[in-house]
Structure formats: C-alpha cells, structure tokens
Amino acid sequence: MEQNTAVESSPILKGHTNKHSAQSVLNGDVKGLKRLLPFLGPAFIASVAYLDPGNFATNITAGSKYGYLLLWVIFASNLMAVLIQSLSAKLGIATGKNLPEVAREQFPKGVSIFLWIQSEIVIIATDLAEFIGAALGLYLLFGIPMLPAALITAVGSFAILELQRRGYRTLEAGIAGMVMIVVLAFAFQVIMAKPDAGSVLTGMFTPRFEGVDSILLAAGILGATVMPHAIYLHSSLTQSRIVGANEQEKKQIFRLEFIDILIAMLIAGAVNMAMVIVAAALFFKNGLVVEDLDIAFEQFRNLAGPVTAISFGLSLLIAGLSSSSVGTMAGDVVMQGFINKKINLYLRRAITIIPPLFIIASGVNATSALVMSQVVLSFGIAFALIPLVIFTSDRRIMQGLVNHRITTILGWIISALVVALNLFLVVEMFV
C-alpha cells in the first residue's frame, strides 16, 4: 500500500520553489504578513466549489422570492464551511494522506469501493452543474448555442488543467485570479443594484422564515454550500504541499493554513451573499420572481443595464470553468485514494465530459438540470462528512492535531444538520 512519507528536510512544497521561505516561517525568521504567503492557496482552490453554478440558481431564486430574508442562512452556512474545510485541511497536514486514502486504510475493501463509486457519481453531477453553468455563460454573452458552448467549455477546462502540470503555485494563482474576476463582477453588480444597507444587515443577523417554501429554499442553500468533492480535495491539497517534521511544526502549519481557509471562505461567502443581495435589490423590489438564470440575465439588462448583465454572464462562465477543473482534480483524488488506481488526468477529463455533453445535447432546461445535479450531490455529503469527523476525532490517526472535544461536537452537529436537510430536500423533490 502506498503511503506518503515525510522526508528528511522540512517543510516540502510539492511543485514549489519557495520551500526555504516556508521553512524560514516555521523557524521564526519571517514576521508579519509575509509569514502567510507560502501557506496561501489550497483553500482558494477548494473554495471554487462554493461558487458552483448551482449556487447561482439557488441564490438568485432566494433573493427574488424573499428579498434579504435568507442572507443569514448563507452566513451560517459559511461558518459551517470554515469548520468542515479546516477539518479536511487538518487531516492532510496531520497524516500526509488525503481523506480517501485514510478511508481506504481504515475501512474494509468493499466499503472503499462503494465510497469510490458514489463519489464518482457525485463528481459527474458536479461536472454537469459546472458545464451547464459555463456553457450558459457563453450562450448569454455571445449567443453561442448550448452544445457548441459546452464543447468550448471542455477546451477551456483542459487549459486550466494544464496549469496543474506547471506546479501548484501556478494552479493556485490561476484559480485565485478567476475567483477574483467573479468577486469583482459581483461587486460591480451590487454597486449597480444599490441595495438597502439596513435590510442587508437585518437579513444577515436575524434568523427568520416566511412560510414552508422559505424553509425549503433555506435547506437548498445550506445543502448546496457544502460540497463533497471540496472535502475530498482540500485534504489532498495540504497532505504533501508543506510537510511538518514534527508535531509542533504541523500545528504551526495548520494555524497558518487556517488563515488561508478564513480568507477563502470569507470571499466565497461574500460572493454568495452578493448574489442574494443583487436579486433582492433588483428583482424582489420590482415584484419579479426569477428562477432561471437566462431570465435573470435579461432582467439584469432591463433593470440595471447591459454592463451589469455582461458581468453576471461573465461570472457564471468563469465560475463554471474554474469549478469544472477542480471537479476533475477531485475525481483524480478519490480514485487514487479509495481504490489505489490512477489514470491520466486529461483522459479522466475526456471521459467525464461525456455525460454533461449528452445531457446538454438532449435539450434539457439548464436551470432544471442544475437543480437536479444539486439533488445528486445531496446523496454524497454524508459519505464525506461522517468519515471526516470520525477520522479527525481519532488520536491514533491525528496525533497532536486531533480535534478538541468541542470541535468534535460541533462537527457532529453540523454533519447531522447538513445530512438531515439534504435528505429533506430529496424527499421534498420526489414526494
């Protein structure tokens, strides 16, 4: 069985040229904000999953139906995401293995195979959402029909994967750049929408609902926030990027990586809130209920001008492109981890393109397909969250980075809540 082993010098930055700067930080030779620089990056890649096109559909619907009412749900979801992603990152730092690898070691072979199969299904659903989002962005911006737009998206996702071949730093810089484009696009939309600041603050910090439908939509927001593939991927991004030689170094690495997580999740949460805020300020204010992204694009044009509509289409395109490549990386991690098999990343990308292209070619409504992809994702959350809490609570596995008791309790509460809400969504969808 293959295992990642720490080598003599610490730390190791796989694919990096600045391992000496990271070692200097751990030795105490670097002070101030410069201490963070070698440790920034992994959370930004994982955070792309929180800007999935499925989130666009859910958040725009929430804002147009209920105004600022459900902003607190996104705020709470983001706090949960910080804990979940920190547990995933900590597992990689403590063990030098990713979550699927630890599962393969701890569970019987049959369980590992089952976990691999369900995770591949989840990633196919993820790919569907991301391909549709990017293709829809191309359609809205340039009028390119959905199938050719999906093929262009495929080419773009291959180009982003090429960044990984050039090293983690190049990939992290590329993904961070794409995330910043989405951030700037929504910052512009918020400015143009001119939301009511008081209503925004009230919505963020006042938990309340208006009827059963708002509860169902809140469950959808929470369910769409925690993505299984982000949990698998984050542990792989930290497992050998910077390796601590001892428990003290590992704890220091985790503290610095936690700042990376806070920054990335803050940005992802702000973007998701911006989606609701813009929809509330433009659509809800004018009595419009918008549930389709193509209709949202047209209404942005009508109510806030063509530049606002273009910024929305661009953010949808960039979010779909970046998250599709991250999904492919996650697929590579789960296959190698759960069943100790590996295929060429470009071949995997080529194979996983087929289901989304087939569905898009069938002419299904894009927003409906996005919603269905979120339902499939709901099935996979428990199989990532529950093992994560189990493993990070086990001192044999985590050594000095084992969860504090309160962390474990919070982890189980969040896991139970997320799993229950996703099951609720699935039951409501089919019953």
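The largest cavity has a volume of about 80 Å³. A cavity here is a set of points on a 1 Å grid over the protein atoms alone where a 1.4 Å probe fits but cannot get out; grid points are joined across faces, edges and corners, and the volume is the space filled by probe spheres set on the points. Rolling a probe the size of a water molecule over the atoms shows where empty space is left.

The model is predicted: local features need pLDDT of at least 70, side-chain atom pairs count only at pLDDT 80 or more, and totals for chains, interfaces and linings use all residues. Residues are numbered from 1 along each chain as its sequence is written, and side-chain values use heavy atoms, with hydrogens and water left out.

**Stop 1: the cavity**

Select Asn-55, Ile-74, Ile-221, Thr-225 and Asn-272. Of the twelve residues that line the largest cavity, these lie nearest its centre; a lining residue has an atom within 4 Å of a point. Next, colour helix H3 (53-66), helix H4 (71-95), helix H10 (212-225) and helix H12 (247-284), the elements that give two or more residues to the lining of the largest cavity. Helices are DSSP runs of H or I with at least four residues, strands are runs of E with at least two, and both are numbered from the N terminus.

A search of the whole structure for cavities of 30 Å³ or more finds one.

**Stop 2: the whole chain**

Zoom out. The protein chain has 18 helices and zero strands. Its C-alpha trace spans about 65 × 45 × 45 Å along the principal axes.

Of the 431 residues, 58% count as buried. Buried means under 20% relative accessible area, exposed over 50%, and partly exposed in between (1.4 Å probe, protein chains only). Of the contacts in the protein chain with a separation of 6 or more, 83% come from residues 24 or more positions apart, where contact means heavy atoms within 4.5 Å.

**Stop 3: two positive phi angles**

Select Lys-194, in the loop between helix H8 (168-193) and helix H9 (197-205). Lys-194 is not a glycine, yet has a positive phi of about 55°. Its relative accessibility is 68%, so Lys-194 counts as exposed.

Move to Gln-399, in the loop between helix H17 (395-398) and helix H18 (405-430). Gln-399 also has a positive phi, near 55°. Gln-399 counts as partly exposed because its relative accessibility is 40%.

**Stop 4**

Glu-120 sits in helix H6 (residues 109-142). Is Glu-120 buried or exposed? At 14% relative accessibility, Glu-120 counts as buried. Show Gly-331, Val-334, Met-335 and Arg-348, which Glu-120 contacts once neighbours within four places in sequence are set aside.

Finish at Gly-320 in helix H14 (residues 306-339). Gly-320 is buried, with a relative accessible area of 0%. Beyond its neighbours within four places in sequence, Gly-320 is in contact with Pro-53, Glu-130 and Ala-134.

Key. On a 1 Å grid over the protein atoms alone, a cavity is a set of points where a 1.4 Å probe fits but cannot get out, and a pocket is an open set with protein on both sides within 12 Å along at least five of seven lines; lining residues have an atom within 4 Å of a point.
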